[in-house]
Amino acid sequence: MAFSGGVGRFGKADVVPFTVQVLRGRWFMLFSAFLIMGSAGAAYVFGIYSKEIKKVLGYDQKTLNLLGFFKDLGTTIGVLSGLLAEVAPPWFTLLVGAGLNFTGYFMLWLSVAGKVSKPHVWQMCLYICMGANSQNFANTSVLVTCVKNFPENRGSMMGLLKGFTGLSGAVMTQIYLSIYGDDPKSLILLIAWLPAAISIVFVGFIRLMKVVRVQGINEMKVFFNYLYISIALAIFIMIMTITQKQHPFSHGAYVSTGTIVCFLLFLPIAITVQQEFIIWNQKQEDLKSPPTAVKIESSSEAVVPKSSPEILEAEKPKKPEVSCFSNIFSPPARGEDYTILQALFSIDMLMLFFATFCGMGTTLTAMDNLGQIGESLGYHTRAISTFVSLVSIWNYFGRVGSGFFSEFLLTKWKVPRPLVMASVLLLSCFGFLIVAFPFPGSIYLASVITGFCYGAELLLLYTIISELFGLKYYATLFNVGMLASPLGSYVFNVKVAGVLYDNEALKQLEIKGHRREIGDDLTCIGTQCFRVAFLILTAVAFSGALTTLYLVIRTLMVFAGGGGGGGFGKADVIPFAVQVLRGRWFMLFSSFLIMGSAGATYVFGIYSKEIKTVLGYDQKTLNLLGFFKDLGTTIGVLSGLLAEVSPPWFTLLVGAALNFTGYFMLWLSVAGKVSKPHIWQMCLYICMGANSQNFANTSVLVTCVKNFPENRGSMMGLLKGFTGLSGAVMTQIYLAIYGNDSKSLILLIAWLPAVISIFFVGFIRLMKVVRGIDERRFSLIISTFQSHWLYS
């Protein structure tokens, strides 16, 4: 920073006025916001001290996960802070948050440290919910104030602030190690007093200001300078985290590391002073510039306006007041300002809510269980602290990276943000899989992926809501969207991961011949402790990705914009992709794939011998199974009636469920995964699986015939032709995947047709028929290809 290039000299007499200007300026307000947000993520270090709570209070994993749910509930329910911010100034909202933070976490520390009698579980849930909810008060007061003070760079501002929040867990970990050493109980005390103290010290600087443009200041360039410092802070913490894992640190080394972290955290003050000095020089130039001559002419005639604004306003007819309930189902175009009820009842919000439920609910579950995952796999306590720090660091990179990267993709190639969110959800699936099937050091990689995905999902949710539903009620809508996160955390953390972990731990106790007493710690050791739970999380996250992809198709025009004339350029890629995915011909392509996998009944001859051998059936019983297979294949009345009263996608999903249920139960019976079923059960299973073909046929055939009404015969012949080929197709795929294993063929026809139906279900829909292509010629080309493939 250099105090040069200005007008006049900067003397001793200017120190106090300049200091006042710095403290009252926008840039110091921003610096204060960074510090507050950098200490507002106490919820992210739950994985470090959760084991201490479990051990001291004798909780089982289900109870600990219940605490984790209330922590997530407090973190994500920001409606109260939003309503308070509507009627109170930012400083009051911030002070309320500081009070909640200290009260909640201090009572938590008193309970774990044994300073008070052992609390009830509901009291612990209340304490941690209070402490975690304080984060919303800091977020609301700081975010809203900064966005209003820097209105032209909202996206970059939000990314930076949420990035500092993402780093806060790692920052708090390093500060705690430098002050208290490796004592998880003291970490709870630190997150009680430090965020509250920072909020109180800087509360007077978080205020709305008049935005004044100054020549010589490029705000975006300044934000990039802040970004570089935050990246340096993140990289330093990551290096120290890895080093601390490799080599034991003395307390003096931890103090040195904490000092450098605090230095980097306060380094943005240099940029703040530099920007204020530019403003100071500009003011000095304005004061020393000669005044501009102004000529005032008086007129003898008073000029009376024909009508004042007040009169014009009074003359305007008043619009009749419309009830907020009358237009719930008549929303404006996407991107314009929705009312709260219009947004809540929109399909886009429901899909985004479900994607958040699947995405953030699963990643929160993984983050909250990092301590127990590390313990079950034999990692040292120091390594578990490393996991939490890595989550926090990469949470930062996820928030900042997704904000800047998605903005670049949207500007350069019009790639919609929901597509970026779908990619992040798919990446989280990989992170869950390496927890379910761990290898040496895999949890470090899982921590990186989980932290990155959580941060990216959070920022993308905020941004997508603002882009789809407008900014008028943005504070309420993004808090509503966040409600999906604790709901998902409760379902997957408490009801899935916690229950499965405890069941596995009880099995291990039974094997050892022990019995768990009330209040005893329940610990599971081994890779099997979280395997099933994380396989479920993988499936759920994949479902969220599919939902987000469908949201991409619905909302792409909001992000793609209109295309100009001329050649086909980079900017035309997304609009053209929208046209392809929403067109009749892609619907037809999806139909070919669905029908090409809908003929599982044609491979009965391959696996029937396996049924006969394994279950000891005679030929008469086997033929009875064949009859029920044929019965299911030909009775399509139910699918027809369902198609009359429901859309094609629902009929197709019912068929997918029947297919998977019937053939999967058949495979479990033949593979010996369940006890030998009765004959009537086997008949029911194979009839269900075979009957699913009618649901696929009905939904696809009816839709295609209506979409191509002038070529019904050719269309029906093509579709049924693909069904006829499906038996041969499934056989080749089964040989490629499983080899010559007849049992596995049953498993293949259980999951593959169901997956294809679910993946392409959104494209099977009725469309307006627009002529423009010789449909008969197209049908002839496809049928020729079919014949060539079949006879080759």
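A residue is called buried when its relative accessible area is under 20%, exposed when that value is over 50%, and partly exposed in between. In this predicted model, Cys 704 counts as buried because its relative accessibility is 0%, whereas Cys 262, with a relative accessible area of 29%, is partly exposed.

Two other cysteines are joined to each other: the structure holds 1 disulfide, and this link is formed by Cys 524 and Cys 529, whose sulfur atoms lie 2.0 Å apart. The link is left-handed, with -90° about the S-S bond. Cys 524 counts as buried at 0% relative accessibility, and Cys 529 counts as buried too, at 2%.

In soluble globular proteins, nonpolar side chains tend to be buried together. Here the largest nonpolar core has 156 residues, and Tyr 49 and Phe 534 are those with the most contacts inside it. Helix α19, which spans residues 442–469, gives the most to this core, contributing 17 residues. A second, separate core consists of 52 residues, among them Leu 668, Val 670, Phe 763 and Met 767. Returning to Phe 534, and leaving aside residues up to four places away in sequence, this side chain's residue touches Ala 366, Ile 373, Phe 432, Val 435 and Ala 436.

Nonpolar residues are also found on the surface, where Phe 10, Val 15, Val 16 and Val 20 form a patch with about 320 Å² of accessible area together. Phe 10 is placed in the segment before α1 (15–24), and, at 31% relative accessibility, Phe 10 counts as partly exposed.

How values were computed:
Residues numbered from 1 in each chain as written. Predicted model: local features only at pLDDT ≥ 70, side-chain atom pairs only at ≥ 80, totals over all residues. Heavy atoms only, no water. Patch = residues over 30% accessible without salt bridge, like charges linked within 9 Å, V, L, I, M, F, W, Y side chains within 5 Å. Areas by Shrake-Rupley, 256 points an atom, 1.4 Å probe, with all protein chains shown as cover. Salt bridge = Lys/Arg side-chain N within 4 Å of Asp/Glu carboxyl O. Helix = DSSP H or I, 4+ residues; strand = E, 2+ residues; numbered from the N terminus. Buried < 20%, exposed > 50% of the residue type's maximum accessible area, 1.4 Å probe, protein only. Core = buried A, V, L, I, M, F, W, Y, C linked by side-chain atoms within 4.5 Å. Contact = heavy atoms within 4.5 Å. Disulfide = S-S within 2.5 Å.
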